[in-house]
Amino acid sequence: MSDAAEQVIKQHVIWACGAGLVPVPIIDFVAVTAIQVDLIRQLCTLHGSSYEEANGKMWVGALTGGALARIGASAIKAIPGIGSLIGGLSMSIASGASTWGVGQVVHKHLAAGGTLTDLNVEKARQQYEAEYEKGKEVAKEASSNQGSKDVFEKLDKLGALKAKGVITEAEFEAKKKDLLAQL
C-alpha cells in the first residue's frame, strides 16, 4: 500500500473509532458513515480517480451492508450506565474495523485501475470481510491511543459549534486539521 493511502486510511480509522465513542445512539453510526464516505473521496483524489458522493455512499452501503452489528452496538448505548461503556467500546472497535475494511478494498480496487463505477459487489464484500477482521486489531490499537481521546472530544465540540453556526465551514476545517495533526 502506498504511504499516502496508508496514512489516509489510518487517519480515518482513528476518526471512526472516536465517532464510535459518541454516546448518542444512531448519531455515532451516521458519523462513521460520513467518515467512510470522506475516506473514499480522499482515496479517489490520491488515485486521480473521479468521485461522486452518490458513488461513495453506494460503496459504503455495498461493503458494509451487514452493519447491523454496528447498529446493535450503537443501540446498546441507550441502556443507562453500563450500556454506554459496553456499547461505546464495541461500537468504537467495529467502526474502526469497518473503516479499515472500506479503505483497504477501495484503495486496492483503485490501485488496480478500477473506478467507483465498476464495483463487483460480491468480490468486494469478500475482500471487505477479510479486511474487517484485520481491521479489528488496527482499531484496537487506535482506540488505545489515550492522547486521541482528548482530540476526539475537541472535535466533537468543534462539530457542535459548526452545527450551531458559531463557526464557518472553513474555520471548522482549519481547526479540524490542526487537531488531527496532534494524533
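Entry 1: Buried stands for under 20% relative accessible area, exposed for over 50%, and partly exposed for what lies in between (1.4 Å probe, protein chains only). In soluble globular proteins, nonpolar side chains tend to be buried together.

**Entry 2: what I am looking at.** This is a predicted model, in which local features need pLDDT of at least 70 and side-chain atom pairs count only at pLDDT 80 or more, while totals for chains, interfaces and linings use all residues. Residues are numbered from 1 along each chain as its sequence is written, and side-chain values use heavy atoms, with hydrogens and water left out.

**Entry 3: the whole chain.** I counted eight helices and zero strands in the protein. Helices (H or I, at least four residues) and strands (E, at least two) are DSSP runs, numbered from the N terminus. Of the 183 residues, 43% are buried. I also looked at contacts, meaning heavy atoms within 4.5 Å. Among those between residues at least 6 apart in sequence, 73% join residues at least 24 apart.

Entry 4: What does I40 touch, leaving aside its neighbours within four places in sequence? I found Y51, G56, W59, V60, V102, V106 and L116. L63 lies in helix α3, and it counts as buried because its relative accessible area is 2%. Not counting residues up to four places away in sequence, L63 touches V102, V105, V106, A124, R125 and Y128. For L63 and V105 I noted 42 residues of separation in sequence and 8.7 Å in space, C-alpha to C-alpha.

**Entry 5: cysteines.** How many disulfides does a search of the whole structure find? The search finds zero, taking a disulfide as a pair of cysteine sulfur atoms within 2.5 Å. C17 has 2% relative accessibility and so counts as buried.
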